[in-house]
Amino acid sequence: MVGAITAGNCCILKPSELAPKCAELMKTLIPKYLDPECYHVITGGPDETIELLKEEFDYIFYTGSTRVGQLVREAANKHLTPVTLELGGKSPVYIDDTVSLDVACRRLLWGKCINAGQTCVAPDYLMCTKEVEEKLIPAMKKTLLEYFGEDPKNSPDFGRILNNRHFKRLLSLTKKGTIVIGGDHEEETNYIAPTVITNVKPTDPIMQEEIFGPLFPVVSVDGPDDAIDIINSKDKPLTLNVYSKKNSVVKKFLDNTSSGSVCINDSIVNLSIDALPFGGVGKSGIGAYHGRYSFDTFSHKKAVLVRNYAMLGEKLGEARYPPYSPSKEKYLRRLLKKRPNIIPQHMDYVAVFVGGFLTAVILKVILHFAGVKYF
C-alpha cells in the first residue's frame, strides 16, 4: 500500500477476514491518518471480496493462498486488469555437512517459528542426508530450548494457530512420520508446539500442500542432486533456502531450480533488503515488489513524444510519405539500421576517473587562490 501511495494512486485495502482483530485495527487507524476519499478500507469475508472484484481497477495486488489467487486473477481478467499475486507454496531447505549446525539451526528455526510458522516464506520442509540429520536433530532441540524454554506454550515469544480449522488441518498432517521434537498441542487455545518430524516421504500428506504452521518435516536425501529432483517434482516455491559453504553446491541449486527468491545460509532475511525484488514464480506468484520495485509495480511508464514544426525536421522526415521510390526506401532503411555503440566498453569507468581527477585539480586551484592551506 505504501508503494501504491508513493506512486500517486488512490487505493482500497481489503484485509483478510481470517484475522478480524487486525482488520478492524486497520479500519480504525487508516481513516485517522489518510484521506478516506483516496484511501479506503473494506472489511468482510468472501461476499465482500467478490463484490469488490466486480469493480474495474487499474491494478490489483493480492497476497494469500494460491487457490484464492486463482480466483482473483480470474476476476481481474474480466477487465484485463494487471495483477501482482504473492502466494506461497512449499519453500524447501537443503542443509549439508559443511555448515555450523548450531548457527544454521538458530537461523532456520527463527525463520520457521515466526508467527508459529504462519508466514508465506517460512521454511516448509527440510532435506539433508541421514548423517547430517543425526547431528541436526540434537542441535534443533538445543535451539528450541534456548528460544522457548521447556514448554513453548508458556513462552511469550511463541504464537498460536490462527483458527480452529487450521489447527485441525495441521494436526491431520502429523499422522505419518516420526515426531522427534514437540508434538504437544491444545485445542482450546489452538496451540501446536514447534514440531520436527522425521522419516517423512515425498508422497506423505504433509508434503502435498503448504504447511503454514510450526510443523517441520525432514526428508532424507542422498545429496544435492536428490534434493533438486524433489524440488523440481513440485510447484515452484516462493523461496528456496540452501545452507552450504560449498560454492559448487550453491551454484547447482541456483542453476537447476526455479523459485521466486533464494536465501543462502539464512532464512527470511532476504525480505528485509528493499533493494531486492520479492515475488513468486509459477504457482507461487506473479510480479515482484519491495522498495523501488513496489513503486514500479504501481506505476505506468507512459511514453510521450512531442515534436515541433521546424522545416528542417520535416524535410529530413519527408521520405516516410508516399509516393515511395528506391531512393526513399534506401534512405529509410539506413535510418532504421541499428547504430553501433560508439562508446568503447568500460569507457564509463574511465569517464568517472577523469572527472574525479579534474574535479580535484580545480578544487586545488581554487583553494590555492583563496589562500586556504590544505594537506
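Partly exposed describes a residue whose relative accessible area falls between the buried limit, under 20%, and the exposed limit, over 50%. The close-ups below all come from a predicted model.

**View 1. Glu209 and Arg169 form a salt bridge.** The two side chains meet at 3.0 Å, N to O. Glu209 sits in the loop between strands S10 (195-198) and S11 (215-220) and Arg169 in helix H7, so this pair ties together parts that are 40 residues apart in sequence. With a relative accessible area of 34%, Glu209 is partly exposed, and Arg169, at 21%, is partly exposed as well.

**View 2. Asp225 meets Lys252 in a salt bridge.** Here the N to O distance is 3.3 Å. Asp225 belongs to helix H8 (residues 224-232) and Lys252 to helix H9 (residues 247-256), so to speak a link between distant parts of the chain, 27 residues apart. Both are partly exposed: Asp225 has a relative accessible area of 46% and Lys252 one of 29%.

**View 3. Arg292 and Asp296 pair within helix H10.** These residues lie four apart, about one turn of the helix, and their side chains meet at 3.0 Å, N to O. Arg292 is exposed at 56%, whereas Asp296 is partly exposed at 25%. Salt bridges with shared partners join Arg292, Asp296 and Lys301 into one network.

**View 4. The second largest pocket has a volume of about 190 Å³.** Its lining includes Lys141, Leu144, Leu145 and Asp184. Helix H6 (residues 130-148) gives the most to this lining, with three residues. By type, the lining residues are six nonpolar, two polar and three charged.

Definitions and conventions:
Residues numbered from 1 in each chain as written. Predicted model: local features only at pLDDT ≥ 70, side-chain atom pairs only at ≥ 80, totals over all residues. Heavy atoms only, no water. 1 Å grid on protein atoms, 1.4 Å probe; cavity = no way out; pocket = protein on both sides within 12 Å on 5 of 7 lines; lining within 4 Å. Points joined across faces, edges and corners; volume = space filled by probe spheres on them. Helix = DSSP H or I, 4+ residues; strand = E, 2+ residues; numbered from the N terminus. Nonpolar A, V, L, I, M, F, W, Y, C, P; charged D, E, K, R; others polar. Salt bridge = Lys/Arg side-chain N within 4 Å of Asp/Glu carboxyl O. Buried < 20%, exposed > 50% of the residue type's maximum accessible area, 1.4 Å probe, protein only.
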